[in-house]
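I set out to record, entry by entry, what I looked up in this structure. The sequence and the model follow.

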Amino acid sequence: MAMAYLGSKKANAAALMSSPSPSPHQRILTQDELKKIAAYKAVEFVESGMVLGLGTGSTAKHAIDRIGELLQQGKLSNIVGIPTSTMTHEQALSLGIPLSDLDNHPVLDLAIDGADEVDPDMNLVKGRGGSLLREKMIEGCCKKFVVIVDESKLVDYVGGSGLAMPVEIVPFCWKFTAQKLQSLFEEAGCVAKLRTSPENGKPFVTDNGNFIIDLYFKKDIGDLKAAGDAILRLAGVVEHGMFLDMATTLIVAGELGVTVRHKC
């Protein structure tokens with residue numbers, strides 16, 4: 001079943017919440033609790049014998065914890081996980097989840113991951129945690145890609161949150177590459193900034209030894225596929241954080257409930 005167009009962010013939130021309004025006595029859920037609800041719902045798609053792409057980030061962490069718990073309880077078996085980051089690799093190992101890689105499993109049954117933004121067409125922005133390249137490689141190989149978010153991640157357009165759209169680049173002449181990226185989207189009021197570590201102020205380095213340039217937009221950048229192609233044509237660019245036409249299922253948790261939507 002094709003997913004209906006979600007409309008504006010406010011309309012998105014209203015359309016996605018299908019449960020009755022909470023009573024005045026109900027406790028307001030925290031953002032982390034909403035993430036956990038969405039993550040647990042996503043794990044309902046997991047079946048024994050699957051090869052799974054294991055996402056990275058605070059929302060995906062809940063899903064991986066749940067998979068590990070179900071394995072320990074014997075409710076899941078013969079699971080193979082393909083982690084999208086060293087952080088996820090370490091978490092999965094600590095939970096006893098068997099791991100492998102794309103060389104041995106080039107086709108995955110399912111991937112579960114969060115997103116930093118979701119637009120009305122289920123296009124995503126990912127990579128604010130720095131794992132966008134491995135996430136895109138792994139989630140591009142799966143038969144089903146389940147995206148789990150809380151309702152704060154719904155936006156009217158990519159970049160609509162005013163937060164970063166990451167681009168992974170090689171460290172060589174990074175200023176030159178950043179300048180080129182900013183010039184590409186000058187009409188959208190783009191500002192390109194090198195991501196730095198909050199601990200020491202040095203450039204943030206990805207698991208692949210690369211830098212990240214965060215792009216901030218003041219306006220809609222228009223045709224996303226054309227924008228993505230233009231970014232990838234720049235020498236020095238490794239990958240961008242727009243995940244276009246990749247999500248097959250979207251799970252959104254909000255104060256009024258959880259909604260699952262599918263896109264053919």
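In which loop is Met-122 found? I located Met-122 in the loop between strand 4 and strand 5; helices (H or I, at least four residues) and strands (E, at least two) are DSSP runs, numbered from the N terminus.

Basis of the entries. I worked from a predicted model, in which local features need pLDDT of at least 70 and side-chain atom pairs count only at pLDDT 80 or more, while totals for chains, interfaces and linings use all residues. Residues are numbered from 1 along each chain as its sequence is written, and side-chain values use heavy atoms, with hydrogens and water left out.

Entry on Met-122. I noted a phi near 65°, a positive value in a residue other than glycine. At 1% relative accessibility, Met-122 counts as buried (buried means under 20% relative accessible area, exposed over 50%, partly exposed in between, with a 1.4 Å probe and protein chains only).

I found three strands in an open, antiparallel sheet with the order 4-5-11; two strands pair if DSSP finds at least two bridges between them. Strand 4 (117-118) and strand 11 (242-243) each have a single partner strand, so one side of each is left without a neighbour in the sheet. Strand 4 is joined to strand 5 (residues 124-125) by two bridges, and Val-118 stands opposite Leu-124 in strand 5.

Entry on aromatic rings. I searched the whole structure and found one aromatic pair. Rings of Phe, Tyr and Trp (its six-membered ring) pair if their centres lie within 6.5 Å; planes under 30 degrees apart count as stacked, over 60 as edge-to-face and the rest as tilted. Phe-185 and Phe-217 have ring centres 5.4 Å apart and planes at 75°, so I recorded the pair as edge-to-face. The two residues lie 32 residues apart in the chain. Phe-185 is buried at 8% relative accessible area, and Phe-217 is buried at 5%.

Entry on charges over rings. The criterion is NZ of Lys or CZ of Arg within 6 Å of the ring centre and within 35 degrees of the ring normal. I noted the charged end of Lys-126 over the ring of Phe-243, 5.6 Å from its centre, and that of Lys-193 over the ring of Tyr-216, 5.4 Å from its centre.

Entry on cysteines. I found zero disulfides in the whole structure (a disulfide is a pair of cysteine sulfur atoms within 2.5 Å). For Cys-141, the nearest cysteine sulfur, that of Cys-142, is 7.7 Å away. Cys-173 is partly exposed at 43% relative accessible area, and its phi is near 50°, a positive value.
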